Amino acid sequence: MAERRLQGGIANAGQVVRDGEHVLRPASEHSASVHAYLRAVRRAGFEGAPWPVGIEEDGRERLEFIDGDVPLSPYPAWSQSDNALASIATLLRDLHEAARDFDPRRHGWNEALADPAGGTLVCHNDVEPSNVVFRDGLAVALIDFEFAAPGRPIYDLAQLARLCVPIEDDFDQARIGWRPADRPARLRLVADAYGLDEAGRKILLAAMVDALDRVEAAARGRGVPVSKALGGIEKYDRRRRWWREHEAAFASALR
Ligand SMILES: Nc1ncnc2c1ncn2[C@@H]1O[C@H](COP(=O)(O)OP(=O)(O)O)[C@@H](O)[C@H]1O
Ligand SMILES: [Mg+2]
């Protein structure tokens, strides 16, 4: 069967193709580590991630294709439902549980979006709607593990919240296609669906600040202009301002 280019994608836009039952995407120096991790979580009984088939001689990785719907920006209404959000958080909890016995120490990882506080559990670090496969409006699998790296699970959940609640200035929310919603209530839903305990709720907000800092520093550090279509570099100032104005409402939603 011929290779067919898949729609969407951000870092690898236009380079991810479907080849029958498989997906081919550019590999990196960390792909072997990611494959070891994916094999471990699948063997631990987690089915919501692609089985890694291998790394090809042409420099691409081959993964299982997971059938379903992947929402692309502007995100369709069904992907913005509370049930969709809760199902993503539940899936992340199951991934974290399945990863508990995987030891990351003998592997190298892409640290670009990794938890600045460090940690021992390999996290996805980039759970946004376009990296989730849905069926009937509910999340069934996570894809795009290229930023997987060791960290604290609370940081992975904070990244999910930042990207899926989302934490974004009104202008940028509209740009990506998010509709107005009660975002503090959506953050509470993330914590509830993940099954976050009291101690976790107390540090979730601080982990979200870590995540906001981390992605902004990564974007500024790259020294490559952020295109207007992606909001320009000014979006980080807008996001920061919006967060300062709304942080208290998120804090009280978690109490
Ligand atoms: N294993 C997979 N199963 C199903 N669809 C996939 C899979 N991997 C990638 N895709 C599709 O290809 C798109 C781009 O792949 P992704 O790995 O997210 O690339 P990028 O790193 O550019 O974001 C995804 O949004 C999804 O639609
Ligand atoms: Mg992606």
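Guide: Welcome! Helices (H or I, at least four residues) and strands (E, at least two) are DSSP runs, numbered from the N terminus. Residues are numbered from 1 along each chain as its sequence is written, while chains are lettered from A and ligands numbered from 1 in the order in which they are written. This is a predicted model, in which local features need pLDDT of at least 70 and side-chain atom pairs count only at pLDDT 80 or more, whereas totals for chains, interfaces and linings use all residues.

Visitor: What is omega for the cis peptide bond that joins serine 73 and proline 74?
Guide: Proline 74 belongs to the loop between β5 and α2. The cis bond that links serine 73 to proline 74 has an omega of about 0°.

Visitor: What is the phi of asparagine 125?
Guide: Asparagine 125 is in the loop between β6 (121–123) and β7 (132–135). Asparagine 125 is not a glycine, yet its phi is positive, at about 75°.

Visitor: How far apart are the C-alpha centres of domain 1 and domain 2?
Guide: The protein is divided into domain 1 (4–64) and domain 2 (77–253), with bounds that come from an automatic or database domain assignment. Their contact (C-beta atoms, placed from the backbone, within 7 Å) takes 18 residues from domain 1 and 20 residues from domain 2. The C-alpha centres of domain 1 and domain 2 are separated by 21 Å.

Visitor: Which residues are closest to ligand 1?
Guide: A residue is near a molecule if its C-beta atom, placed from the backbone, lies within 6 Å of it. Ligand 1 is surrounded by 22 residues, and the elements giving two or more residues to this shell are β3 (22–26) and β5 (60–64).

Visitor: How many nonpolar, polar and charged residues are in the shell around ligand 1?
Guide: Ala, Val, Leu, Ile, Met, Phe, Trp, Tyr, Cys and Pro count as nonpolar, Asp, Glu, Lys and Arg as charged, and the others, Gly among them, as polar. Counted this way, the shell around ligand 1 has 13 nonpolar, 5 polar and 4 charged residues.

Visitor: Why does ligand 1 lie between domain 1 and domain 2?
Guide: Look at where the shell around ligand 1 comes from. Ligand 1 lies between the two domains because residues of its shell are given by both domain 1 (4–64) and domain 2 (77–253).

Visitor: At what angle do α3 and helix α6 pack?
Guide: Two packed helices are described by the angle between their axes and the distance between the axes. Axes are lines fitted to C-alpha atoms, for helices over the stretch in contact, and angles run from 0 to 180 degrees between N-to-C directions. For α3 and helix α6 (residues 198–222), the axes are 8 Å apart and the angle is about 65°.

Visitor: Are α3 and α6 roughly parallel or roughly perpendicular to each other?
Guide: Angles under 35 degrees count as roughly parallel, over 145 as roughly antiparallel, 65 to 115 as roughly perpendicular and the rest as oblique. The pair α3 and α6 is therefore roughly perpendicular.

Visitor: Is the crossing of α3 and α6 left-handed or right-handed?
Guide: A crossing is left-handed if the near helix is turned anticlockwise from the far one by less than a right angle, and right-handed if clockwise. For α3 and α6 the crossing is right-handed.

Visitor: Which residues of α5 and α7 make their contact?
Guide: The axes of helix α5 (residues 183–194) and helix α7 (residues 235–253) come within 8 Å and cross at roughly 40°. That makes α5 oblique to α7. On the α7 side the contact involves Ala249, Phe250 and Ala253, and on the α5 side Pro184, Ala185, Leu187 and Arg188.

Technical notes:
Contact = placed C-beta atoms within 7 Å.
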